[in-house]
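Subject: Structure handover, salt bridges

Hello,

Here is the structure for your files. My notes on its salt bridges follow below it.

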Amino acid sequence: MPRETTMPKRYHCPVELAVDVIGGKWRPVILAHLKEGVHRYGELRRRMPGVSEKMLTQRLRELEADGLVLRHDFATTPPHVEYRLTAEGLSLAPVLQALYDWGAARAARTGTPIDGSSAT
């Protein structure tokens, strides 16, 4: 049986593509933490107390499938898995920094508290 080919998704605006790739509640937060450097799964969980394990695992897998995150499993017991940004993921650094800066300025303007804001 021949393999079915699918047409690439069409976008009408570059922002639409960008939001499709990094949009959602947790994907940009994960990327912002990984912009700081390599993190183990447990470190990401501690930095993101509002995300469930299932959601974090799903989002990390999606980011890996999209070529933004690299997962390195050291195949040890206990498990040792690290996540880092790929070159494509690192290309988002200015975007992530702009989101961080805007969020920090917005928090200051509105008096919105930000706990543990270490991702820069």
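Glu 82 is buried, with a relative accessibility of 18% (buried means under 20% relative accessible area, exposed over 50%, and partly exposed in between, with a 1.4 Å probe and protein chains only). Its salt-bridge partner is Arg 84, with the closest N and O atoms 3.8 Å apart. Arg 84 is partly exposed at 35%. A salt bridge here is a side-chain nitrogen of Lys or Arg within 4 Å of a carboxyl oxygen of Asp or Glu.

Before the rest, a note on the basis. This is a predicted model, in which local features need pLDDT of at least 70 and side-chain atom pairs count only at pLDDT 80 or more, while totals for chains, interfaces and linings use all residues. Residues are numbered from 1 along each chain as its sequence is written, and side-chain values use heavy atoms, with hydrogens and water left out.

The salt-bridge rule gives a count of 7. One of them joins Asp 66 to Arg 27, with 2.4 Å between the closest N and O atoms. Asp 66 sits in the loop between α4 (53–65) and β2 (69–73), and Arg 27 in helix α2 (residues 27–35), so this pair ties together parts that are 39 residues apart in sequence. Helices (H or I, at least four residues) and strands (E, at least two) are DSSP runs, numbered from the N terminus. Arg 27 is buried at 8% relative accessibility, whereas Asp 66 is partly exposed at 41%.

Both residues belong to a network of salt bridges that links Arg 27, Arg 59, Glu 62 and Asp 66. Arg 59 lies in helix α4 and is buried, at 19% relative accessible area. Leaving aside residues up to four places away in sequence, Arg 59 touches Trp 26, Arg 27 and Ile 30; contact means heavy atoms within 4.5 Å.

Another salt bridge pairs Glu 36 with Arg 47, the closest N and O atoms being 2.7 Å apart. This pair links distant parts of the chain, with Glu 36 in the loop between α2 and β1 (39–40) and Arg 47 in helix α3 (residues 41–47), 11 residues apart. Glu 36 is partly exposed, at 33% relative accessibility, and Arg 47 is partly exposed as well, at 32%.

Regards
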